[in-house]
Amino acid sequence: MFNPSQEDVRRFFCSVYAKSRAGQAMEAIETIAAQWMDEHPEYQADFADVDRALSTMYEATEGRTNPFLHVSMHLSISEQCSIDQPRGIRQAVELLTHKRNSLHQAHHEAMECLGTMLWESQRAGRPPDGDAYIACVQRHATKD
């Protein structure tokens, strides 16, 4: 299983940002990452400076979103939907996208569910509960 370090993740996104801005050829996963990065211009300065990216800590208490975690979650949800894993996530995100009329907004709501599932898994010391994750996304898709 692939388990990149924080530094690996940050270098990846900074590299993708540089390639995208230079119009260089990219791998498929890099293209998807660049598309999500483009959706978040507020993070461009974070992606543009690899040294700063490697040295900056994003503390929740500061009220600042970690742009690398945020775009990683977009990328994760995109990948989950592309392979429908956990089974049913593609349909749940599609329903939420239709309800919100925005894939971006649907991803942000799915991120809340993904984050909750991962937090609960870590806290309880058990594997992530894909069914609970999907149910959470479905609840978002069916509420007003």
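This is a predicted model: local features need pLDDT of at least 70, side-chain atom pairs count only at pLDDT 80 or more; totals for chains, interfaces and linings use all residues.
Which residues line the second largest pocket?

**Stop 1: the whole chain**

Show the chain as a cartoon and colour it by secondary structure. Reading from the N terminus, the elements run α-α-α-α-α-α-α-α. The radius of gyration is 16 Å, close to the 15 Å that the globule rule gives for 144 residues, so the chain is as compact as a globular protein of that length.

Now turn the model around. Its C-alpha atoms fill a box of roughly 40 × 35 × 30 Å along the principal axes. Of the 144 residues, 38% count as buried. Among contacts between residues at least 6 apart in sequence, 58% join residues at least 24 apart.

**Stop 2: the largest pocket**

Rolling a probe the size of a water molecule over the atoms shows where empty space is left. Select Val9, Leu69, Ser72, Met73 and Ser76, the lining residues nearest the centre of the largest pocket. This pocket has a volume of about 1,300 Å³, and 32 residues line it.

Next, highlight helix H1 (6-22), helix H5 (67-83) and helix H7 (103-124), each of which supplies at least two residues of this lining. Which helix gives the most? It is H5, with nine residues. If you colour the lining by class, you will count 17 nonpolar, 10 polar and five charged residues.

**Stop 3: the second largest pocket**

Here is the reply to the opening question: select Gln80, Gln85, Pro86, Leu114, Met117, Leu118, Pro128 and Gly130, which line the second largest pocket. Its volume is about 160 Å³. H7 gives the most to this lining, with three residues. By class there are five nonpolar and three polar residues, and no charged ones.

**Stop 4: the loop between H5 and H6**

Keep Pro86 selected and zoom in. Pro86 sits in the loop between H5 and helix H6 (89-100). Look at the peptide bond that joins Gln85 and Pro86: it is cis, with omega at about 5 degrees.

Now pick Asp84, which is in the loop between H5 and H6 too. Most residues other than glycine have a negative phi, and most peptide bonds are trans. Asp84 is not a glycine, yet it has a positive phi of about 50 degrees. Is Asp84 buried or exposed? With a relative accessibility of 15%, Asp84 counts as buried, because the cut-off for buried is under 20%.

**Stop 5: the loop between H6 and H7**

Move along to Asn101, in the loop between H6 and H7. Asn101 is another residue other than glycine with a positive phi, near 55 degrees. Its relative accessibility is 71%, so Asn101 counts as exposed, the cut-off being over 50%.

**Stop 6: His140**

Finish in helix H8 (residues 130-142), where you will find His140. At a relative accessible area of 10%, His140 is buried. What is His140 in contact with, leaving aside its neighbours within four places in sequence? Show the side chains of Leu96, Arg100, Glu109, Glu112 and Cys113 to see these contact partners of His140.

Technical notes
Residues are numbered from 1 along each chain as its sequence is written. Side-chain values use heavy atoms; hydrogens and water are left out. On a 1 Å grid over the protein atoms alone, a cavity is a set of points where a 1.4 Å probe fits but cannot get out, and a pocket is an open set with protein on both sides within 12 Å along at least five of seven lines; lining residues have an atom within 4 Å of a point. Grid points are joined across faces, edges and corners, and a volume is the space filled by probe spheres set on the points. Helices (H or I, at least four residues) and strands (E, at least two) are DSSP runs, numbered from the N terminus. Ala, Val, Leu, Ile, Met, Phe, Trp, Tyr, Cys and Pro count as nonpolar, Asp, Glu, Lys and Arg as charged, and the others, Gly among them, as polar. The radius of gyration is taken over C-alpha atoms; the globule rule is 2.2 Å times the number of residues to the power 0.38. Buried means under 20% relative accessible area, exposed over 50%, partly exposed in between (1.4 Å probe, protein chains only). Contact means heavy atoms within 4.5 Å.
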